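Please keep the sequence and the structure at hand while reading.

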Amino acid sequence: MKGSPSGPVYTFVHSLMFKEIPKVHCRRRKRKAWLTTLCLGFVSLAYCLLYLVFTRCSDSIQFVALSTAEIQSIQLMVLKIQNTLQKDNSTTFDSARSVNREEYIERVAAQCRLEKQRVTLSSTPNITIIYSLLKGSSSRLALYYLNKTFASLSLDIITDIIIIADESLQEKEKGLIEDVVDCDVCRVFFLSGTIHEQRNFASNFARGEYLVFLDGRVHVHEEWLHHLMAALNDSNNRVVSPALQLTSLDGSLHTVGLTVNELQWDLSVARARADEKRIQSALLNRVTYVSQTAITPEVFLLSKELFNAMGQFDTRQNLSGSEDVMFSLKLLSCGGEVVVSMCSSAYLRGSTEDSVPTANQITSYEVLREDYFSRLYNEAVASIFLDSFTLKYYSCVNHLLNLTTYHPQLSTASPFSRKRGLVLNPARMKTQLEQHVLSKLKLLKCRTKNFKTILSSLQPAMVAPTKFATFYGYIRTLDGVWALGLHAGSEKAISASQTSLSTTLEDKIVLTRNASLWVGPFSFTNGAFIFQHKWCLTSLSSDLFSLTRCVVGTTGQLFIYNDNIIRPASQHERSLCAVLNGNYSNPIFLNSCKEQNFTNKFKLDLQFRKDCIQ
């Protein structure tokens with residue numbers, strides 16, 4: 001607003017000065033001249049203030065905003081999208097899958113551009129980043145990622161950055177970290193304990209209103225933090241993570257598409273596809289995030305107030321293993337949300353030799369101890385949140401701990417323990433953790449024993465394992481980047497057919513990095529891989545695979561799954577193979593799989609004890 005005053009604000013104030021105010025206010029009380037003068041003086045002063053403020057705001061908007069034409073174009077696009085979605089609002093999940101995938105991408109991109117516009121024009125609260133250099137990982141590589149993270153930060157919204165590293169690092173490594181971390185807002189803490197204990201400690205020294213927990217394996221994408229803040233949307237009851245892509249072991253490939261974290265029957269967390277129904281719901285509600293049931297521990301944002309209100313991570317000496325799951329269930333039980341931003345992205349570096357302790361670094365005792373206390377912590381979570389329905393599945397996956405006999409060498413009276421200065425009472429430790437969490441939930445008036453309710457409301461597509469299932473989950477490669485799925489454009493065939501898909505999908509069952517095309521979870525039951533309780537993975541006469549209706553006794557639907565290899569029950573010398581390339585493999589096929597470029601080893605998410613579900 002430059003030059004002479006004009007526009008709607010000027011017209012409005014001008015009319016107030018010379019018409020409405022003298023008539024309504026200043027002519028009352030016998031039209032006293034002094035009152036008229038006083039009224040005009042106040043209105044003139046208000047006009048001047050409005051003019052100055054609006055002028056400064058206008059100049060600021062002209063500096064950071066998109067052009068008016070761009071905004072109108074985006075708004076028209078979103079309006080068109082919403083009108084289209086409103087017409088299809090009554091569609092089922094299956095019919096929603098037939099929507100063109102490129103159209104979804106365009107819709108999400110349009111929403112993200114509008115979100116970026118809103119974030120740019122709004123005042124963003126200050127943030128503290130707590131960056132973890134993980135124990136056992138390469139400090140040099142983690143610092144490389146740290147420098148790349150610094151390059152993507154907007155320092156106008158960063159209050160401080162706290163780098164936490166293990167105090168057991170050699171002095172040379174500590175010096176390297178301190179030399180590299182050279183910024184005015186950075187502090188370095190060398191701490192003992194687990195990563196959750198370290199994060200709790202560091203959060204007490206955070207100066208920002210909001211906390212971002214980020215570990216050294218994550219490489220964030222440009223503008224990731226602004227989009228996280230937009231997804232938070234001033235909610236003090238929400239935890240937000242970026243869309244995290246998993247990279248392959250050599251770092252050359254990564255997953256694509258949107259994945260979410262889903263709690264499993266054993267209280268572990270698995271990556272699952274975010275189906276189109278969730279995305280549709282987000283677009284209809286004009287938001288750019290989708291829900292999940294477990295936080296993404298590698299990187300997430302929440303308010304410091306919420307983190308402290310939930311009691312931070314629940315840690316106990318020697319007990320560790322499921323702190324992220326415990327925090328997620330506490331938050332969901334208290335009416336909070338755990339979401340993934342569709343506009344913010346990051347990449348998680350896969351496990352490599354430098355991030356895994358060697359045999360010389362970790363003893364059999366340490367492995368035994370870590371496994372024991374991890375399962376002990378899991379038992380505490382189960383006793384607080386699992387209902388009778390889900391407890392039977394949990395029991396199938398985990399042998400319930402006998403705290404007095406499971407690892408007798410870890411008991412307090414054991415000479416094995418006394419030799420290492422260990423003073424433990426497993427039953428008491430577990431009870432103390434449960435009592436602490438239950439007292440916090442009671443104080444906050446939150447629910448317990450509600451795991452089934454959480455699954456039914458937030459993970460409706462997660463069906464219960466088939467009776468007598470021995471394995472359950474997505475069929476994935478060992479590095480987790482690829483999973484059994486469909487080639488683009490063929491996913492709607494599943495809902496269209498009621499009998500057989502052998503013709504439609506004969507050359508469409510592939511391994512894919514695109515999470516939105518994954519098929520699963522499968523139950524491996526009595527030799528068959530069963531999807532949605534009715535479709536079975538089937539080998540065809542062409543040596544390719546399809547999904548067909550499960551029929552008892554069908555030879556092509558029976559497999560042997562052993563040592564991560566899937567073999568037909570009638571052809572032990574051959575196995576399921578694929579050749580990985582780009583986003584998709586070639587159609588999976590049966591072969592001896594002796595070629596070097598063939599992939600023939602797969603994993604599922606859970607292993608149930610044989611025939612344990614009744």
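## Positive phi in a loop

Glutamine 532 is partly exposed in this predicted model, and its relative accessible area is 33%. This glutamine sits in the loop between strand E17 (528-531) and strand E18 (535-539). Although glutamine 532 is not a glycine, its phi is positive, at about 55°.

Histidine 533 lies in the loop between E17 and E18 as well. Its phi is near 65°, again a positive value in a residue other than glycine. Histidine 533 is partly exposed, with a relative accessible area of 47%.

## A cis peptide bond

Glycine 520 and proline 521 are joined by a cis peptide bond, with omega about 0°. Proline 521 belongs to the loop that lies between strand E15 (509-512) and strand E16 (522-525).

## Nonpolar cores

Which residues touch the most other members of the largest nonpolar core? They are Ile127, Trp224, Leu225 and Phe529, in a core of 78 residues. Leaving aside residues up to four places away in sequence, phenylalanine 529 touches Ile475, Phe522, Ser523, Phe524, Trp535, Cys536, Leu537, Phe559, Tyr561, Ile566 and Leu604. Another core lies apart from the largest one and has 56 residues, including Val239, Leu267, Phe300 and Phe327.

In soluble globular proteins, nonpolar side chains tend to be buried together.

## Leucine 228 in helix H10

Helix H10 (residues 224-232) contains leucine 228. Is this leucine buried or exposed? Leucine 228 is buried, with a relative accessible area of 0%.

Not counting residues up to four places away in sequence, leucine 228 touches Val240, Ser241, Pro242, Leu301, Ser341 and Ser344. From leucine 228 to valine 339 the C-alpha to C-alpha distance is 9.9 Å, while in sequence the two are 111 residues apart.

## Packing of H13 against H18

Helix H13 (residues 323-333) and helix H18 (residues 451-458) have axes that come within 11 Å and cross at roughly 80°. Angles of 65 to 115 degrees count as roughly perpendicular, and H13 and H18 are therefore roughly perpendicular to each other.

On the H13 side, the residues in contact are Leu329, Leu332 and Ser333; on the H18 side they are Phe451, Ile454 and Leu458. By class, this contact has five nonpolar residues, one polar residue and no charged residues. An α-helix has 3.6 residues a turn, so residues three or four places apart point the same way.

## Helix H15 and its cap

Aspartate 387 caps the N-terminal end of H15. A side-chain oxygen of this aspartate lies 3.0 Å from the backbone nitrogen of phenylalanine 389. Within helix H15 (residues 388-397), the buried residues are Thr390, Tyr393, Tyr394, Ser395, Cys396 and Val397.

## The chain as a whole

The chain has 614 residues, of which 49% count as buried. Its secondary structure comprises 19 helices and 27 strands. Among contacts in the chain with a separation of 6 or more, 75% come from residues 24 or more positions apart.

Technical notes:
Residues are numbered from 1 along each chain as its sequence is written. This is a predicted model: local features need pLDDT of at least 70, side-chain atom pairs count only at pLDDT 80 or more; totals for chains, interfaces and linings use all residues. Side-chain values use heavy atoms; hydrogens and water are left out. Axes are lines fitted to C-alpha atoms, for helices over the stretch in contact, and angles run from 0 to 180 degrees between N-to-C directions. Helices (H or I, at least four residues) and strands (E, at least two) are DSSP runs, numbered from the N terminus. Angles under 35 degrees count as roughly parallel, over 145 as roughly antiparallel, 65 to 115 as roughly perpendicular and the rest as oblique. Contact means heavy atoms within 4.5 Å. Ala, Val, Leu, Ile, Met, Phe, Trp, Tyr, Cys and Pro count as nonpolar, Asp, Glu, Lys and Arg as charged, and the others, Gly among them, as polar. Buried means under 20% relative accessible area, exposed over 50%, partly exposed in between (1.4 Å probe, protein chains only). A polar contact is a pair of N or O atoms within 3.5 Å; within protein, one must be able to donate a hydrogen and the other to accept it, and residues adjacent in sequence count only if both atoms are side-chain atoms. A nonpolar core is a set of buried Ala, Val, Leu, Ile, Met, Phe, Trp, Tyr and Cys residues joined through side-chain atoms within 4.5 Å.
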